[in-house]
Structure formats: C-alpha cells, structure tokens
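Subject: Structure handover

Hello,

Here is the structure I promised to pass on. Please open it first, then read the notes below it.

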Amino acid sequence: DYLDELFSKYRGLQGAKYYLQAMRDFFEFCDEHPELLRMQSWICAEQRGRRTKTSEKVNTVLEDIERDRREGIVREDMNPKHIMIFLYCLVEQWFIGKDLYALRLGMNLSEPEQREKYIDAVVKLFESGIFTAGQVKPS
C-alpha cells in the first residue's frame, strides 16, 4: 500500500521537506503504477457520488497538516482538506490529462524532460502556495 510506504519513509521528516518529498514520490508512484488512477476512477464511478469514509491514514495526514498550521509552517488560511485536493489535482491530473494538454499546446509531453519540468513546476507552486514565509529554502 502506497500510504504505508509513505508513512514509514517520511514520519521522521517535518515541515516543507515532508510535503515536498512526499509529493515527488507520489508523482513517481503514479507514473510507475498507471493502474492506480484507473482503479480510483472505477471506484468513484461505482460509488455514484455516495460519500465514503475518509481512511485513517488520510486522516493522519490531515492531522499533520493541521499541526503544521498551528506551528506556523503551513499557511493558517488554508483548509487541510483543500491542501490535499491541491496535491492530488496537481499530481494526478498530469497522468489523466497529459495527452489532451499535449494536443492543446502542441507539445510532446511524453518526453522525460517535460515530465521533470512539470514536477519541478508543481513543487514550486506547492512551495509558494501553502507554506508560510521562510519555510522553504530556495533551491
């Protein structure tokens, strides 16, 4: 299970490093397991909009975000669930929509260089969007 791996790998990290490394690894995991997003789409279709219970692991991540809000690492004006949605959208949408975006923009997004540029841009957006000033060191 991806979340088990995430928890064992990152529990020692705190603050921006935790989020940014987890986001990069989530991107890699989705790239290596294309069936994940297909299965999630199928499950959502089966649920037909019925609300499901949030997993204990996701609740733990939400609690971590809330703790980091209280400690001034994550912006106070952002809802932890919205931060999770932001992360999911920026990572998952690459895999769901990159062929459409390539057509719209006249680009070859299958090139590894484009993939790397995208994840770098995602990290920069995440850095500038959710953390308070001074939490992320310029790379």
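Start with Arg115. In this predicted model, Arg115 is buried, because its relative accessible area is 14% and the cut-off for buried is under 20%. Arg115 makes a salt bridge with Asp31, with 2.9 Å between the closest N and O atoms. Arg115 sits in helix H6 and Asp31 in helix H2, so this pair ties together parts 84 residues apart in sequence. Asp31 counts as partly exposed, because its relative accessibility is 32%.

Other salt bridges

The count of salt bridges comes to nine. Another one joins the side chains of Arg24 and Asp120, at 2.7 Å from N to O. Arg24 is partly exposed, at 28% relative accessibility. Asp120 is partly exposed as well, with a relative accessible area of 32%.

Then there is a local pair. Glu113 forms a salt bridge with Lys117, and the closest N and O atoms are 3.0 Å apart. Both residues are in helix H6, four residues apart, so about one helical turn separates them. Glu113 is partly exposed, with a relative accessible area of 48%. For Lys117 the relative accessible area is 48%, so Lys117 is partly exposed.

Helix H6

Helix H6 covers residues 112-130.

Which residues of H6 are buried? They are Gln114, Arg115, Ile119, Val122, Val123, Phe126, Gly129 and Ile130. The cover over these buried residues includes H2 and H5.

Gln114 is found in H6. Gln114 counts as buried, because its relative accessibility is 19% and buried means under 20%. Setting aside neighbours within four places in sequence, Gln114 is in contact with Trp94, Met107, Asn108 and Leu109.

Phe126 is the other. Not counting residues up to four places away in sequence, Phe126 touches Tyr19, Leu20, Met23, Ile83, Phe86, Leu87 and Phe131.

The nonpolar core

Phe126 also matters for the next topic. The largest nonpolar core has 31 residues, and Val74, Phe126 and Phe131 touch the most other members. Helix H2 (15-32), helix H4 (56-70), helix H5 (80-105) and H6 each supply at least two residues of this core. H2 gives the largest share, nine residues.

Helix H3 and the surface

Helix H3 runs over residues 35-47. At 1.5 Å a residue, its 13 residues should span 18 Å; the end C-alpha atoms are 18 Å apart, so the two values agree. Just after H3, Arg48 takes a positive phi of about 50°.

Where is Ile43 placed? Ile43 is in helix H3. Ile43 counts as partly exposed, because its relative accessibility is 42%. Together, Met39, Trp42 and Ile43 make a nonpolar surface patch of about 350 Å².

The chain as a whole

How many helices and strands does the chain have? The secondary structure comes to six helices and zero strands. Along the sequence the pattern reads α-α-α-α-α-α. The chain has 139 residues, and 35% of them are buried.

Among contacts with a separation of 6 or more, 69% involve residues 24 or more positions apart. The accessible surface of the chain is about 9300 Å². Carbon and sulfur atoms account for 54% of that surface.

To find your way around, go back to Arg115 and follow its salt bridge to Asp31. Then turn to Phe126 and its contacts, including Tyr19, Ile83 and Phe131.

Best wishes

Definitions and conventions. Residues are numbered from 1 along each chain as its sequence is written. This is a predicted model: local features need pLDDT of at least 70, side-chain atom pairs count only at pLDDT 80 or more; totals for chains, interfaces and linings use all residues. Side-chain values use heavy atoms; hydrogens and water are left out. Buried means under 20% relative accessible area, exposed over 50%, partly exposed in between (1.4 Å probe, protein chains only). Contact means heavy atoms within 4.5 Å. The expected span of a helix is 1.5 Å times one less than its number of residues. A nonpolar core is a set of buried Ala, Val, Leu, Ile, Met, Phe, Trp, Tyr and Cys residues joined through side-chain atoms within 4.5 Å. Patches are made of residues with over 30% relative accessible area and no salt bridge: like charges are joined within 9 Å, nonpolar side chains (Val, Leu, Ile, Met, Phe, Trp, Tyr) within 5 Å. Accessible areas come from the Shrake-Rupley method with a 1.4 Å probe; for residues, only the protein chains shown count as cover. A salt bridge is a side-chain nitrogen of Lys or Arg within 4 Å of a carboxyl oxygen of Asp or Glu.
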